[in-house]
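Student: I would like to go through this protein term by term. Can we set each value against its cut-off?

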Amino acid sequence: MLYLRAGLLASIALWVPLGTAQAQPVPPTEEPDPKPEEPTTAEEPAPDDDDDPGPTEGGDEPAAAEPSDDAPASPAPSEPALAEPAPPPVPADEPGAAVVPEPEPEPEDPFEDFEAEEVIVTSVARAGATAFQSSVSVSDITESEVRNVGARSTTEIFRSLPGIRSESTGGENNANIQVRGIPVTTGGAKFVQLQEDGLPVLSFGDITFGNADNFLRADATVWRIEAVRGGSASTFASNAPGAVINFLSKTGEEEGGVLGVTRGIDFDTTRADFAYGGPITETLRFHLGGFYRTGEGPRQAGYNAENGGQIKFNMTKDFKKGYARLHFKHLNDRTISYLPAPVSLAGGKAAAIPGFDIRSQSISSRNLLTNRRIDSGEQTTTDLRDGVRSISTALGAEFAFELPGEWTVTDRFRYSDNRGGFVSPFTAGVLDATSVAADNGGTDLVWATGRSAGRTIMNPGGLAGNGYVIDNLLFDVRVDDLSQMVNDLRLERSVETGAGTFDFLVGYYKSIQQVQTAWSFNFFLQEARGENAALIDVVDNSGKEPVTQTVNGARAYGIFDPVFDLTFERDAGFAALVFNRDWFTLDNSVRYEFLRGRGTSNLGSPNEAMGGFVARDIDVNGDGTIAAAETGIGAVDPTNLFAIDYAVDYLSYSFGANFEVDDDLALFARVSRGGVGNGDRLVLGGNGFNNAGGLIDDGIGVDIVQQAEAGLKVRSYDGLLPGYVGAFLTAFWADTEESNFEITSGRSVDRRSRALGAELETAYRSNWFSLTGGLTWTNAQIREDNTNPDNVGNKPRRQADLIYQVTPAFSYLNHAVGANLVGTTSSFAQDNNDLVLPGFAQLNLFLNLELAQGLSASVNVNNATNAFGLTEAEEGSLPANGIVRARAINGRTTTASLRYDF
């Protein structure tokens, strides 16, 4: 069965109760099964049974309501209460019973559960609260919706969540994520926590060359993805005042599975997905699934740039008063990273330069597949085809049990062995080919690789059809250890009183995060060609004998080679108190966090005699001579590292209220304060430590975000318009302080910014048509800047006034067709507010057809108009040549899929 809950904002549509005042659900005619289950998300309330542990945050999806691979997430609407009950049928085995053939099943309405209420399980204090009953801003997206919106990667899924701007232009991962005016001053997702089943993927969202999304993939094992923006995300997760994005897994409540294959039509990719789960016994169930994907990817690279996959497994044992579950995941994946590359900007519009189209081409090349790196004076070789190598083996456990005295204890534990690497070319400069030789001590340019290797370039001005040379800064990072241990323990109880219900929660959180990385940066000269660019050598022919200044295209080795061996230990206690009285909810939560960082690095020392690099001349290619590129190589001195030992602590809180005016209107308000403890980027900055390795000012070790939001939720069924209309309107305010360091520009950040805005989520459904959308308007300003006071009063970089998503869809029987539009208005490339990144809109199309029962085919077109969309640029002002180094969305890509649900 192909089943579509179209729309990105299903959480709004899911507010509507089933039925109206004249058509209420029929109450159950039998006593509920006394056997306790996991908390339920079904629209009807779970049985009031003492054995039921109640819902818990972060992945305790309801046992009775979680969808199987081929079933809706919630039951179909009940018959109206006033309907005349049908007489009971005569049992077939009794005399006189008529033999009547079973009727043909009615075609299923793919929106039959569109108005059911979904229970929020991520970062909320009140167990069992729905979006309509809660004072937090929450959205979700299901596995089927992910397929429809054309997401080619995990990072592209995030762009479909209202209020979240995901710069999903770096490939499968390595995204920069911005939420509600909280700026992206460097990279990654500093103020956002990415979770799998309620626990963080990594303790920090912005580890340099180790973003959390590098170790996160979406596949057929995902039930749904929940995003809680602001509010209680500050108190129920670490480093998450902006948002918590939680990937919730299927756990096999009902037997079923899926097999699927996807093939690129106009680009090289092949992906296979599988999943299967179900009960083993009455009290034991499992779910198993994963994917494998291989191909060149959506842009030309000259080699197989994406190769790998993952497998996930969980098993759940249900007990009389709770449940226990084991999780396992193994990810082994290689993906390409698209870093800034040349783009033309003229007249406020982006365009490809001759010979290089960033939308479909990359600066990766089969003529640069290996790199010689210097590690503490020793040479090793890296294969560039590894790209972003992500290897993660994770084992976790969770349980929830009811204790004497009506208390419920919930614990989640996971250990993840994370490692890999990050190797990718970065455009450090776009150079005039006619001056490159002289600028590097030579007279001529010679092909170093490719079919013309060894030949002199006779016309540098016409090189690659554009006359440019890319100064290729190759990032070669060993990610030796990003392993993490994390545990979240909670004790909660609900107390009924005459005044209302009080929910109590206390918890303790512990995590240990390793950061062991070693970097090696080398420079290469490369023609500015988008398809298998060749490397270029500089030769000095002014003397009696030619002298080659470069080494096989490398103009410098060991430019920046830091090493880190750090451990971050985090302890947090948190508590919540929620009061609920039918139409009114008041929730309060606090979190006190202690973070300690220890370890060694060759950076960070205030004493220049300690740490740093030792300049050496090294014969890298072993030819017996030292070329200019082989001089002054900054090798690490492992005997002279700087020891770091610092600690910070901070308080986070969140207070909110939700008032249900009537069945179709609710008002809410919330204030919150959340902290983010800084990790390895503190060491990169190199100016915040004293000689003992402690912080000069504890304030740079933690950044605080203060927020306020208020709004309303409305829903109407056959009111102003035929069908269902729902809307969630929020006004928000955020004050953000941040200390940070950006590696590509070498700039430190120490500033405060402020943003106010409004966010709208809306959904409409009538018969077989649906239209869902989200829109966020933001007015942001830099209020203080201690490193660059000239920026005060400017907008933070890459902060658009308006971002939006809209998805119309039409479905008949089990066929569906629709579109998804994601867009942004213009923004400034940098904080100086000079260079403007043009706004753009990306249109994605989908068509799903059921070929037979359980068998479906689909076609998906991503960026159907081949729009040119830039999400970032390194320059703050337009260079004289009109060329900037930018990241862009992929051009048009089309896939066809065949899927079998069973």
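Student: What does the accessible surface of the protein come to, and what share belongs to carbon and sulfur atoms?

Tutor: This is a predicted model. The accessible surface is about 33100 Å². Carbon and sulfur atoms hold 56% of that surface.

Student: How many helices and strands are there, and how many residues count as buried in percent?

Tutor: The secondary structure comes to 6 helices and 44 strands. Of the 902 residues, 59% count as buried.

Student: What share of the contacts joins residues at least 24 apart?

Tutor: That share is 72%, among contacts between residues at least 6 apart in sequence.

Student: Why is the pair of Phe158 and Phe247 called edge-to-face?

Tutor: Take the distance, then the angle. A search of the whole structure finds 27 aromatic pairs. In this pair, the ring centres of Phe158 and Phe247 are 6.2 Å apart, and the planes stand at 90°. Rings pair if their centres lie within 6.5 Å, and planes over 60 degrees apart count as edge-to-face. Therefore Phe158 and Phe247 pass on both counts.

Student: What does the pair of Phe158 and Phe247 tie together?

Tutor: Phe158 lies in helix H3 (residues 154–158), and Phe247 lies in strand S7 (residues 243–249), so the pair ties together parts that are 89 residues apart in sequence. Both Phe158 and Phe247 are buried.

Student: What makes the pair of Tyr646 and Phe689 edge-to-face?

Tutor: The ring centres of Tyr646 and Phe689 are 5.9 Å apart and the planes meet at 65°, so this pair is edge-to-face. It links distant parts of the chain, 43 residues apart. Tyr646 is in strand S30 (residues 642–662). Phe689 is in the loop between helix H6 (680–685) and strand S32 (702–717). Both Tyr646 and Phe689 are buried.

Student: Which residues form one aromatic cluster?

Tutor: The cluster is made of Phe209, Phe422, Phe426, Phe475, Trp519, Phe521, Phe560 and Phe564.

Student: Which residues of the largest nonpolar core touch the most other members?

Tutor: They are Phe158, Leu194, Ile245, Trp519 and Phe521, in a core of 58 residues. Beyond its neighbours within four places in sequence, Phe521 is in contact with residues including Phe209, Phe475, Phe560 and Ile743. A second, separate core of 22 residues includes Ala350, Tyr468, Val884 and Ala888. In soluble globular proteins, nonpolar side chains tend to be buried together.

Student: How do you know that Arg224 sits over the ring of Trp223?

Tutor: Arg224 lies over the face of Trp223, at 4.5 Å from the ring centre. The distance cut-off is within 6 Å. Arg591 lies over the face of Tyr509, at 5.1 Å from the ring centre.

Student: Why is Asp273 called buried?

Tutor: Its relative accessible area is 16%. Buried means under 20%, so Asp273 counts as buried. Asp273 lies in strand S9 (residues 268–279). A polar contact of 2.8 Å joins its side chain to that of Arg271.

Student: What makes Gly634 buried?

Tutor: Gly634 has a relative accessible area of 9%, so it falls under the 20% cut-off. Gly634 lies in strand S29 (residues 633–636). Gly634 and Phe613 are 21 residues apart in sequence and 5.1 Å apart in space, C-alpha to C-alpha. Phe613 is also one of the residues in contact with Gly634.

Student: Is Ala400 buried or exposed?

Tutor: Ala400 is at 0% relative accessibility, so it counts as buried. Ala400 is found in strand S17 (residues 388–403).

Student: Why is Asp582 called exposed?

Tutor: The relative accessible area of Asp582 is 64%, and exposed means over 50%, so Asp582 qualifies. Asp582 is found in the loop between strand S26 (563–581) and strand S27 (584–601). Its phi is near 55°, a positive value in a residue other than glycine.

Student: Is Asn833 buried or exposed?

Tutor: Asn833 has a relative accessible area of 19%, under the 20% cut-off, so Asn833 is buried. Asn833 lies in the loop between strand S38 (827–828) and strand S39 (836–837). Asn833 has a positive phi of about 60°, although it is not a glycine.

Conventions. Residues are numbered from 1 along each chain as its sequence is written. This is a predicted model: local features need pLDDT of at least 70, side-chain atom pairs count only at pLDDT 80 or more; totals for chains, interfaces and linings use all residues. Side-chain values use heavy atoms; hydrogens and water are left out. Rings of Phe, Tyr and Trp (its six-membered ring) pair if their centres lie within 6.5 Å; planes under 30 degrees apart count as stacked, over 60 as edge-to-face and the rest as tilted. Helices (H or I, at least four residues) and strands (E, at least two) are DSSP runs, numbered from the N terminus. Buried means under 20% relative accessible area, exposed over 50%, partly exposed in between (1.4 Å probe, protein chains only). A charge sits over a ring if NZ of Lys or CZ of Arg is within 6 Å of the ring centre and within 35 degrees of the ring normal. Contact means heavy atoms within 4.5 Å. Accessible areas come from the Shrake-Rupley method with a 1.4 Å probe; for residues, only the protein chains shown count as cover. A nonpolar core is a set of buried Ala, Val, Leu, Ile, Met, Phe, Trp, Tyr and Cys residues joined through side-chain atoms within 4.5 Å. A polar contact is a pair of N or O atoms within 3.5 Å; within protein, one must be able to donate a hydrogen and the other to accept it, and residues adjacent in sequence count only if both atoms are side-chain atoms.
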